[in-house]
Amino acid sequence: MRAGALLLLLFCLVVVTQGAEILQNPEFDGCDVDGKPTSWTGSLASLLFSTYTFLFTNIPPGDKCFDYLYSNPGLNTVSQTITIPTTGNYDFSALVACFVNNPLVTCGYTLTIDGQDIPLTGATNVPGADPSIFLPVTALGITLPAGTYDLVITSVYVAEDSTSVYIASASLMPAGGGSGDPHMVGFQGQVFDYIGEAGQVINLVTDPELQVNALLNLQKVGVNSFMPGPVMMEMAFVTRGHTVVINAGGYQKEETAFVTVDGVSLPVGQSFLDGILSVTFTAVNTNSQLLGLTGNDHIVAQADVKLEGLYEFRVFMTENGKDHLHHTKWVTNFPRRFLDFNASLVDLDRRPHGVLGRTAA
């Protein structure tokens, strides 16, 4: 397979079904009913933006209400019980603001799910201001088993009489991505199948800063026979300055998965960093279900491709065909190799094109 083929652009047919927001009342509505956001526990009040415009320098478009946490120093929480329908990887995001008339005072936020701390990006040292500004906090690629859990958002700030903490929205959605032949999940949780043919190229994302394409091909099971349903065998990430190619490997046992940056092989266990682009190639050797993926496949490695502040991709290299218990002895003549991936839109205001990209709108 030639990496240059990934620069081609072909049309596709997709069948889309509705995505699923995990949180109830993600916009904290309720301000026009009884003053409390429905489905949330611990809130002081849900207030109308139109009444309190003077508190903020920015108001999220289309958002009617915001959540007002306690103006007391220490720990203040808002929570709800969530149900995860299927084991998978999920993205959390929230818009938060810290109102204080002392610019040296900052606020912080934490997230726990089922009592486990989930690291948040952008959640420490949220600057205080009067008027305040809503800023995003995120946690991407959270692996959650199916089940029912308590989700708790906690605000932390120092003693300051005029300090108030606000949340405009919170969301927990399935992470975008693709798996199998291929089944896709959009950036807003949309579920759809890409119906393609072997040898076709999918344009997943087209953005001024990034283009992502994937090459489809068939898994070989005999000298002249293949499994039906093309899978992703190769992915290319083209930025303004670099080209990253991730290859699942070939039909021969010795043709293992690999990653290249600008045509130069990236060894397993190594990283590439230039500006906002980072690429890391890591050996994994574990079952796909332990990584929040569907199926019962063996993942030999993963590659993380990140454009800081814009996109994060994690590509999984699948290799089936060895003994199921130890994965040391081949039990098939031809390895069944393909790629799965998770994708997170870090900049929620971006509106890329492409099969995956257009789901951000």
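Tutor: A strand is a DSSP run of type E with at least two residues, and strands are numbered from the N terminus. In this predicted model, His298 lies in strand S25.

Student: Which residues are in contact with His298, apart from its neighbours within four places in sequence?

Tutor: They are Asn285, Thr286, Met317, Thr318, Glu319, Asn320 and His327. Each of these counts as a contact because heavy atoms lie within 4.5 Å.

Student: Where does Gln289 lie, and what makes it buried, partly exposed or exposed?

Tutor: Gln289 is in the loop between strand S24 (277-287) and S25. Its relative accessible area is 44%. Buried requires under 20% and exposed requires over 50%; Gln289 is therefore partly exposed. Beyond its neighbours within four places in sequence, Gln289 is in contact with Thr87, Gly295 and Asn296. The C-alpha atoms of Gln289 and Ile299, ten residues apart along the chain, are separated by 9.6 Å.

Student: What makes the residues of the largest nonpolar core a core?

Tutor: A nonpolar core joins buried residues of the nonpolar kinds listed for it through side-chain atoms within 4.5 Å. The largest such core has 41 residues, and those with the most contacts inside it are Leu204, Phe237, Ile246, Phe313, Met317 and Phe341. Strand S25 (residues 298-307) gives the largest share of this core, five residues. A second, separate core has 34 residues, among them Ile82, Tyr149, Ile167 and Ala170.

Student: How do you know whether Phe49 and Phe56 are buried or exposed?

Tutor: The relative accessibility of Phe49 is 3%, and that of Phe56 is 7%. Since buried means under 20%, Phe49 counts as buried, and Phe56 counts as buried too. Ring pairs also link Phe49 and Phe56 with Tyr52, Phe54, Phe66, Tyr68, Phe134 and Tyr166 into a cluster.

Student: What makes a space a cavity, and how many cavities of 30 Å³ or more does the structure hold?

Tutor: Rolling a probe the size of a water molecule over the atoms shows where empty space is left. A space is a cavity where a 1.4 Å probe fits but cannot get out. The structure holds one cavity of 30 Å³ or more, and the largest cavity has a volume of about 30 Å³.

Student: What makes the lining of the largest cavity nonpolar, polar or charged?

Tutor: The lining residues are Phe92, Ala94, Val96, Tyr109, Leu120, Val137, Ile153 and Ile167. Phe, Ala, Val, Tyr, Leu and Ile count as nonpolar, so the lining divides into eight nonpolar, no polar and no charged residues. S5 supplies the largest share of this lining, three residues.

Student: What is the volume of the largest pocket, and which residues are the closest to its centre?

Tutor: About 1000 Å³ of space lies in the largest pocket. Of the 35 residues lining the pocket, Glu27, Ser93, Ser169, Ser171 and Leu348 are the closest to its centre. By class, the lining has 20 nonpolar, eight polar and seven charged residues. At least two lining residues come from each of strand S5 (88-99), strand S9 (135-144), strand S11 (164-174) and strand S27 (336-345).

Student: What is the phi of Asn25 and of Phe28, and are these residues buried or exposed?

Tutor: Phi of Asn25 is near 55 degrees, a positive value in a residue other than glycine. Phe28 is not a glycine either, and its phi is positive at about 55 degrees. Asn25 is in the loop between strand S1 (13-17) and strand S2 (45-48), and Phe28 is in the loop between S1 and S2. Buried means under 20%; Asn25 at 14% is therefore buried, and Phe28 at 0% counts as buried.

How values were computed:
Residues numbered from 1 in each chain as written. Predicted model: local features only at pLDDT ≥ 70, side-chain atom pairs only at ≥ 80, totals over all residues. Heavy atoms only, no water. 1 Å grid on protein atoms, 1.4 Å probe; cavity = no way out; pocket = protein on both sides within 12 Å on 5 of 7 lines; lining within 4 Å. Points joined across faces, edges and corners; volume = space filled by probe spheres on them. Helix = DSSP H or I, 4+ residues; strand = E, 2+ residues; numbered from the N terminus. Buried < 20%, exposed > 50% of the residue type's maximum accessible area, 1.4 Å probe, protein only. Phe/Tyr/Trp six-rings, centres within 6.5 Å; stacked < 30°, edge-to-face > 60°.
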